[in-house]
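Subject: Structure handover

Hi,

Please load it first; my notes follow below.

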Amino acid sequence: MKISKVILLLSLLLFLVSCSSNDDYTSIEESNYPDLSLRKMAGGDNTIFTNTSNSYSTPSPALTVDELSTHLKGDLDFESIFVTAPNDVNSGLGPIFNNSSCISCHPRDGRAAHPVNMASRSGLLLRTSLPGTSINGGPVAVSGFGLQIQNQALYNFLPEAEYTVQYEEITETLADGTIVSLRKPVFGVINTYIPFPQDALLSPRIAPPVFGLGLLEAIPEQAILAAQDLNDHNQDGIYGKANYVWNPLTQRSELGRFGWKANVSNLLIQCAAAYVEDMGITNYIFPFETGYGQSNGSDGFDDDPELPNENLANITFYTQTLAVPAPRNTDNITVRKGARIFENLLCATCHTPKQQTGYSSIRALSYQTFYPYTDMLLHDMGDGLADNRPDFLANGREWKTRPLWGIGLSFVVNNHTNFLHDGRARNLTEAILWHGGEAENAKQKFKQLSKEDREALLQFIQSL
């Protein structure tokens, strides 16, 4: 009798312990689910409530009449297709380039798909460099190729190379027996117009969405730096560090905010660099063609910049003032449960939900509380995602935390769900399973989730 009571008490004790375990996500009380209604204003005053194919392409509702006019001019520039010179409108494409318009790489202001045909124009490009560090602290350009390989060219000119890709299949098995097949693309170049150095590094880049960027630009530098944990003081295995990059306009090192490795400091430089590197369109910041001094380039550099200063200013303003779509289903119990699992897995440590802006010359962006789900820092993502190419302070395993806002509308806007820096992930599950390094523990915990909890987490992310 006494033995039975002891066994009963021990069983009850074990039950209570299991219910209180942080790893038992099914035991989360509904009262502990986050109140996601507080995050509905994903872009602060720059939030729109829509779930259409234009969810990434709408101007901020907080703009003045004059600002809206500038935004719409920038919108026109973003969609303009450049052609060969001489031409009265949009002249100056190439002679070597990757694509002919901004919208071609960022369809509907969203993310490009992983290309089916590597020879075609797409939203994917290859960065290149040599081992070492340049005089400004950045990557070392490859002689005859620069820092980006242009795989398109005008008639009578040779592209720098053709892109190639091969795939390695990797499988992950989840705790419930589900097997997920991952594809790892391995990129290369062939038919280079001159020999390509054997020690040159290659790194793919897929074009990401461009909405909400002005808010990220307006986060105070000190707020971003305060989130660093370079020595892992809280011992959660997650560090995070800022990148500092060279600004060719100010001629100084500045906090990196944009690009997959946070290798660009502001949107003006981002837009100007994209024009010259992606399309061969010169401007006052980058007055020389990408093929300057190359046998496949043009030496006609005595002309004025091909992109008028006003157009560059307008398109920069456009990228600063696109509205942010609000999250959906914030009152749904499953979505709220998924939000708690998101926090328990420590996903929110890097994909920080809340940020605040400081002063901005654009009033709509000033002193806003918004929810991008990024800390704007670099993190070691492990060998699986490593490109082994350094970029200023970012090493070959580090990537900047991508914002998650609007991610659930990817298929609605762009008709695909390709994620990560090269578009290798075909859905959110694959994207999570590619996480490693500082996110390895989170990935392993994800693999241990029950199917019900896994679906709750995915529903939460898709609600953003």
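Over which residues does pLDDT stay under 50? The answer is residues 1–26. For that stretch, the model has 16 contacts beyond four places in sequence. Where pLDDT is low, predicted coordinates should not be read in detail. Keep in mind that this is a predicted model throughout. The chain as a whole averages a pLDDT of 93. A score of at least 70 is reached by 93% of the residues.

Now the second largest pocket. Its volume is about 770 Å³. The lining counts 41 residues. Nearest the centre of this pocket lie H351, M381, L404, L420 and H435. By class, the lining of the second largest pocket splits into 27 nonpolar, seven polar and seven charged residues.

Which elements supply at least two residues each to that lining? They are α9 (347–350), β15 (398–400), α11 (428–433), α12 (440–448) and α13 (451–463). The largest share comes from α12, with four residues.

Next, the cavities. Searching the whole structure gives two of 30 Å³ or more. The largest cavity holds about 90 Å³ of space. It is lined by 14 residues, and R39, P327, Y373, S463 and L464 are the closest to its centre. In class terms, the lining of the largest cavity has 10 nonpolar residues, three polar and one charged.

The second largest cavity has a volume of about 30 Å³. Its lining consists of N46, S60, G212, G214, L215, Q320, T321, L322, V324 and L365.

Last, a sheet. Three strands form an open sheet in the order β4-β3-β8, and the pairing is antiparallel. Why is one side of β4 and of β8 left without a neighbour in the sheet? Both β4 (148–149) and β8 (201–206) stand at the edges with a single partner strand each, so one side of each has no neighbour there. Strand β3 (residues 124–129) pairs with β4 over two bridges, in the antiparallel sense. L126 has I149 of β4 as its bridge partner. In general, strands of a sheet pair through backbone hydrogen bonds, either parallel or antiparallel.

Best wishes

How values were computed. Residues numbered from 1 in each chain as written. Predicted model: local features only at pLDDT ≥ 70, side-chain atom pairs only at ≥ 80, totals over all residues. Heavy atoms only, no water. 1 Å grid on protein atoms, 1.4 Å probe; cavity = no way out; pocket = protein on both sides within 12 Å on 5 of 7 lines; lining within 4 Å. Points joined across faces, edges and corners; volume = space filled by probe spheres on them. Nonpolar A, V, L, I, M, F, W, Y, C, P; charged D, E, K, R; others polar. pLDDT = per-residue confidence, 0-100. Contact = heavy atoms within 4.5 Å. Pairing = 2+ DSSP bridges.
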